[in-house]
4 protein chains.
Amino acid sequence: DGGILDCPVVTLDDIARSDAIVFGAPTRHGRLAPELSAFFDKLSTFHDEGCALKGKIGSAFTEVGGPGQGCGGHEAALVTIHALFLQHGMVTVGAPPLPTLEATPNASVFGTALRSTAKSGAAGAALDLESNSLTLRVRELNEAEVKIAYAQGEWVSLIAKQLYDDGE
Amino acid sequence: DGGILDCPVVTLDDIARSDAIVFGAPTRHGRLAPELSAFFDKLSTFHDEGCALKGKIGSAFTEVGGPGQGCGGHEAALVTIHALFLQHGMVTVGAPPLPTLEATPNASVFGTALRSTAKSGAAGAALDLESNSLTLRVRELNEAEVKIAYAQGEWVSLIAKQLYDDGE
Amino acid sequence: DGGILDCPVVTLDDIARSDAIVFGAPTRHGRLAPELSAFFDKLSTFHDEGCALKGKIGSAFTEVGGPGQGCGGHEAALVTIHALFLQHGMVTVGAPPLPTLEATPNASVFGTALRSTAKSGAAGAALDLESNSLTLRVRELNEAEVKIAYAQGEWVSLIAKQLYDDGE
Amino acid sequence: DGGILDCPVVTLDDIARSDAIVFGAPTRHGRLAPELSAFFDKLSTFHDEGCALKGKIGSAFTEVGGPGQGCGGHEAALVTIHALFLQHGMVTVGAPPLPTLEATPNASVFGTALRSTAKSGAAGAALDLESNSLTLRVRELNEAEVKIAYAQGEWVSLIAKQLYDDGE
């Protein structure tokens, strides 16, 4: 049983095996959510043991806004994740420039940023434990956000393939 | 004659006389426009001469987006202006929290941020020199942006009054 | 019994009663320590309930470096705390400009930053639980750091007095 | 004649031809020097014309401190350059983690940062035009700074080779 979200939990082994790592976490009052920040502390092991993440590709996405989550700060949250990449000698990749970015409010070349609305609730952070339900408060991604997210994923894998795939 | 915009140009004397200073400049590809940055270099004089700006109130606003201006970075531009304030020992004030902020895309507690659109052109940066016209390419501020700008101005003057007005 | 450090633990009531709040936390691999970030989440209550922290003065200090703590990022940690202040409508104050700042490595006008050294261990974070001892691994502050810290404290209280003391 | 410094001036063509670009500029009162920022404005051409810099590698170095230059802000200057890279869809590379970084004041994984001292003057910015001399006011790099700069250069070229060299 994987819990309410029923999704696999990433381990340090998963990270050690990967060529590219994409982290996502909500923005909380203008900063990276402490839950991901606490997880980052565990990655210090890699730093101490010969910088095992050096040269891997890193990319980040976030979510911003919603009731009680403050206003803005999504690029600050993304830059905080990018700083982690640089500390480990990783290579930072953002969302590739595309016209959709310029036409979408709160979009950022630093990484995909889902904008929560007052109506929809704080997506990604809000769990209704009583009804064991997540979907009630998470709004669906709009078309532009999906497009940017896909473009970022494609871009990361393209760079990773180029950097690490020896063509065998 | 004040030129195309026909507005007064701020002098170092104006700044020395003021209790509160509000700087505004467009965001260019994720950073503060170099024109304001170059003006900031001139303020070094105040730093060298006994930190003459120490204790003054500083606040900032910006504009983001539009064709060829990149995407996002408005909070980065505002933080760059706030860093200038801290270098001079000034006191930093943002846009006060109000519900309008949370409901407006790209709004920021760091300071008012006008969002330019692809359709409207890069407000604040675009001058049509041939027709000697600015209005053609600058869109009007929407209601939410005006509200946030007024709230920020009020907030700055309230803090300034409290900090410097001796009630005479 | 206050635990190993035997120091009082700040409550939300303490914060509500204060005119000025100075937060300090170590920098971890280029970002604010998650422990303080998690504490910041609790302050959302103030945001929801009429922005109860609005107009209070905020200032920050940090610690940077030491084995396994990465390198740099102290200003990023301080800016993250400043962002919290702006989210709550607080007024941000840094370390006032003084010659000691310019002569001290890693000093910042954003706030006092103690530099830990590889030899001394990660000050502020390292507890030897077995011997119930903190002093073994925390180096003493050097003269310049003490001077900057005092100047920041004095500066915060001066602004607070000016802003809130009605002279009675 | 290349002027006082007698060094070649980079053109937009040079940039278009390169696989990796390393920008350097002094930190001025906590922000990127406006001269480089103004040069960045010219790169908008590449953005408009099909994002011609997309996929190139970007890296940055800076200089911080010295009389009248304020205090700190070198990582802010480096992050501003990194933001430019992300705006153009470039891939960001810092200084690789190495023990020298942790032992050197003001060193940063974001990029090499030369620390100027009050005694030596503002390196990189100071030109004595009367005597047509630069060396009088620029101090020599210390051993640690040279080591970090070389490591960053090597690291950039290694990633570039991996990403773009087809082995012919």
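**Interfaces of chain A in a predicted model**

In this predicted model, 26 residues of chain A are in contact with 26 residues of chain D. Contact means heavy atoms within 4.5 Å. Residues are numbered from 1 along each chain as its sequence is written, and chains are lettered from A in the order in which they are written. Local features need pLDDT of at least 70, side-chain atom pairs count only at pLDDT 80 or more, and totals for chains, interfaces and linings use all residues, while side-chain values use heavy atoms, without hydrogens and water.

The size of an interface is often given as the accessible area lost when the parts come together. Buried area here is the accessible area (1.4 Å probe) that two parts lose on being put together, summed over both. Between chain A and chain D about 2,100 Å² is buried. Carbon and sulfur atoms give 74% of that area. In chain A, the residues that lose the most area to chain D are A:L86, A:P97 and A:L163. Together they account for 28% of what that side buries.

Helices (H or I, at least four residues) and strands (E, at least two) are DSSP runs, numbered from the N terminus. On the side of chain A that touches chain D, the elements giving two or more residues are α4, β4 (91-92) and α6 of chain A. α4(A) gives the most, with 5 residues. By class, this side of chain A has 15 nonpolar, 9 polar and 2 charged residues. Ala, Val, Leu, Ile, Met, Phe, Trp, Tyr, Cys and Pro count as nonpolar, Asp, Glu, Lys and Arg as charged, and the others, Gly among them, as polar.

A salt bridge is a side-chain nitrogen of Lys or Arg within 4 Å of a carboxyl oxygen of Asp or Glu. There are 3 residue pairs in polar contact between chain A and chain D (both at pLDDT 80 or more). A polar contact is a pair of N or O atoms within 3.5 Å; within protein, one must be able to donate a hydrogen and the other to accept it, and residues adjacent in sequence count only if both atoms are side-chain atoms.

Helix α6 (residues 143-164) of chain A also meets helix α6 (residues 143-164) of chain D. Their axes come within 7 Å and cross at roughly 95 degrees. Axes are lines fitted to C-alpha atoms, for helices over the stretch in contact, and angles run from 0 to 180 degrees between N-to-C directions. α6(A) and α6(D) are therefore roughly perpendicular (65 to 115 degrees). A:I159, A:Q162 and A:L163 touch D:I159, D:Q162 and D:L163.

Chain A and chain B each give 19 residues to their contact. They bury about 1,300 Å² between them, 47% of it on carbon and sulfur atoms. In chain A, A:C71, A:E102 and A:R115 lose the most area to chain B, together 43% of what that side buries. Salt bridges between chain A and chain B number 0, and 4 residue pairs are in polar contact (both at pLDDT 80 or more).

Chain A also meets chain C. Helix α2 (residues 34-42) of chain A and α2(C) pack at about 170 degrees, with their axes 9 Å apart. That makes the two helices roughly antiparallel (over 145 degrees). The side chains of C:D41 and A:R31 meet in a salt bridge (2.7 Å, N to O).

Technical notes
Angles under 35 degrees count as roughly parallel, over 145 as roughly antiparallel, 65 to 115 as roughly perpendicular and the rest as oblique.
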